[in-house]
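Please look over the structure first, then read on.

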Amino acid sequence: MSRKTLVLAEAKNGELRNVSFESIGAAKQIADGGEIVAVLAGDTVRDLAKTLFAYGADRVIAVENDALKHYTTDGFKQAFLQVFDKENPDAVVLGHTSIGKDVSPRLAVKMDAALFSDVVAIEGLHFTRPIYSGKAFEKRTTQSEKMIVTIRPNNIVAPEKDETKTGDVETVAVDIRDLRIIVKEVVKKATGGVDLSEANVIVAGGRGVKSADGFKPLEELAELLGGAIGASRGACDAEYCDYSLQIGQTGKVVTPDLYFAIGLSGAIQHLAGMSNSKVIVAINKDPEAPIFEVADYGIVGDLFEIVPLLTEELRNV
Ligand code: FAD
């Protein structure tokens, strides 16, 4: 059965997030030949939205309003619901990002839709999602005619970009009123260039790095590989780095192609955020450290000797 499927795309720092393209990939499976309409909301997003055609959207809608300059639950919920009223979608796909996690349950209630969150694989109308902090996976389906699906970044393949696919971006005017919260200013922390939740390579450090300076060799490795820096809560609690870098049950959940776990023990709460990474390399001086149980490659030794050697070797490749 074909389904009209809306993709709620997301932009960050003036660029579309990869998970928006992956959402189009997910939408193709759910739509089953039905129309795919990509929606981008913001204050001025029309030009940015055009790129969504290249990833296979049949139509692209820009929802522009000054009140959408920064994300607020109220503002974006109102905007999306007005688009839903016009478009009457059968299914909606968006990223399992902080925005997706916040807005999707509210949209599902209003749409009276089944909600599948944190989905990592889709087969027909069967949605696979991790449970028990990633220790098991469950497959769910629905008999509901309406559904909302949030997908975990870096798991569902985005369609190949095809620059020849283009079209006219439609604009939908929305009326946003009675906002309970207004964002006056966003003060960004300097946490490096690569977005942790979408990075293909992550170099994560733990309490074993011993100080903020101890992250320097890890930063060199990350820079060489075009990766992002992450951390265990142990490293954050010790004030070696900012909490925005924390990976795990109470931090970010990541699925990069390559994850370096350096000087971190591999506590269950840390594994909850990274154990689904495609390849895990652990460096730890304790051969009994639990991180070696999930690692594909393990190096036992002092990180301050091994990381610079590894960086040097990789520089020469
Ligand atoms: P440690 O366990 O102290 O490990 C340090 C490791 O570094 C050791 O294995 C040691 O052998 C190694 N090491 C030391 N020196 C060197 C060296 N020179 N070279 C190589 N290796 C070296 N933790 C998270 O990470 N993320 C979370 O989201 C999270 N959420 C939590 C939620 C709750 C409710 C609770 C109770 C805990 C949570 N934790 C979380 C904390 C978690 O239980 C661990 O305490 C924490 O992950 C430990 O951090 P660590 O591995 O850096 O430190």
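A pocket, as the word is used here, is an open set of grid points with protein on both sides within 12 Å along at least five of seven lines, and its lining residues have an atom within 4 Å of a point. The model is a predicted one.

**The pocket**

The second largest pocket has a lining of 19 residues. Ser232, Arg233, Gly234, Ala267 and His270 are the lining residues nearest the centre of this pocket. Two elements, helix 7 and helix 8, each give two or more residues to the lining. Helix 7 is the main contributor, giving three residues, the most of any element. By type, the lining holds 13 polar residues, three nonpolar ones and three charged ones. The space in the second largest pocket comes to about 340 Å³.

**The ligand and its shell**

What takes up the space of the second largest pocket? The ligand does. Around the ligand there are 26 residues, and the closest of them are Arg207, Ser232, Thr250, Ser265 and Asn284. Ser232 was named above as well, among the residues nearest the centre of the pocket.

Three helices each supply at least two residues of the shell around the ligand: helix 7 (233–237), helix 8 (268–274) and helix 10 (303–315). The shell is made up of 15 polar, six charged and five nonpolar residues.

**Contacts with ligand oxygen atoms**

| Residue | Part of the residue with the N or O atom | Distance to a ligand oxygen atom |
|---|---|---|
| Gln246 | side chain | 2.9 Å |
| Gln249 | backbone | 3.0 Å |
| Ser265 | side chain | 2.7 Å |

Ser265, with its side-chain atom 2.7 Å from a ligand oxygen atom, is also one of the residues closest to the ligand. On its own, the ligand has 990 Å² of accessible area, and the protein covers 76% of that.

Terms used
Residues numbered from 1 in each chain as written. Predicted model: local features only at pLDDT ≥ 70, side-chain atom pairs only at ≥ 80, totals over all residues. Heavy atoms only, no water. Near = heavy atom within 4 Å. Polar contact = N/O pair within 3.5 Å; in protein donor to acceptor, adjacent residues only side chain to side chain. Areas by Shrake-Rupley, 256 points an atom, 1.4 Å probe, with all protein chains shown as cover. 1 Å grid on protein atoms, 1.4 Å probe; cavity = no way out; pocket = protein on both sides within 12 Å on 5 of 7 lines; lining within 4 Å. Sits in = over half its atoms within 2 Å of the grid points. Helix = DSSP H or I, 4+ residues; strand = E, 2+ residues; numbered from the N terminus. Nonpolar A, V, L, I, M, F, W, Y, C, P; charged D, E, K, R; others polar. Points joined across faces, edges and corners; volume = space filled by probe spheres on them.
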